[in-house]
Amino acid sequence: MEKEIWVPVTFTHIEYPKGDLLGMILAWFSLLPSFTVISFIPIIVLRRDLTTIFFFVGMFVNEGINQVLKRVIAEPRPSRTASSVVWGQYGMPSSHSQFAGYFSMFVILLFYVRISVVTFIIPLAKIWKHVLAASTVLVSLAICYSRVYLKYHTQSQICAGFLVGLAVGSIWFIILEKFAGPYFPIIASMPICEMLLIKDYSLIPNALWCEYHCIKTEMRSRAKKYVRPE
């Protein structure tokens, strides 16, 4: 019987069976948590929004909980073959599925509880939340499935991680709404936050429309003052 060969995705440590197109696609899905964390850095630098920062901090809280649970439960990862490499980490619960659970739960709660939509601005505004929420869930499930397909985790490790992530995402959002969020306007008005241009959008129903309107108004104001050189 020919031995199955596993190859890594370019410049990464995620492996998939050589010649397996589905395995290669799922390997890229498996990298999404890392890409997401990295992408939050420029988002925070550009937007400087307290809710986004709080969401980002929650990712590290979620990961910390995962590492504690892995060491307490101490369940090994599955072996791909009899000669499989020895894993350096335990597998219960899966950190990828826990991240997917945390991210999807927090985002869905953010869409349906915290973000309002001005329906006359966007014709499809009534359904965009449902589309984004469904997309988030589908991508999260694809991440979870990739970890089982690529034999990094067992099904029980994936299910446990996803459930823990859902719980952490829910609790972190409750902390945002009930405890941290009410103080965001005060925090944003602190001198250090004003110096760093850190903002709070929680009292604005549609921050995207507000930014667009403010920038457009400012551009019109400056256009009136601007005199083209002859």
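Which residues in α2 are buried?

1. In α2, the buried residues (under 20% relative accessible area, with a 1.4 Å probe and protein chains only) include P33, T36, F40 and I44. An α-helix has 3.6 residues a turn, so residues three or four places apart point the same way.

2. This is a predicted model, in which local features need pLDDT of at least 70, side-chain atom pairs count only at pLDDT 80 or more, and totals for chains, interfaces and linings use all residues. Residues are numbered from 1 along each chain as its sequence is written, and side-chain values use heavy atoms, with hydrogens and water left out.

3. R48 follows α2 and has a positive phi, near 55°.

4. The loop between α3 (50–73) and α4 (95–114) holds P93, which a cis peptide bond joins to M92, with omega about -5°. A74 lies in the loop between α3 and α4 too; A74 is not a glycine, yet its phi is positive, near 55°. Because its relative accessibility is 33%, A74 counts as partly exposed (between under 20% for buried and over 50% for exposed).

5. L197, in the loop between α8 (191–195) and α9 (207–225), is not a glycine but has a positive phi of about 60°. L197 counts as exposed because its relative accessibility is 52%.

Technical notes:
Helix = DSSP H or I, 4+ residues; strand = E, 2+ residues; numbered from the N terminus.
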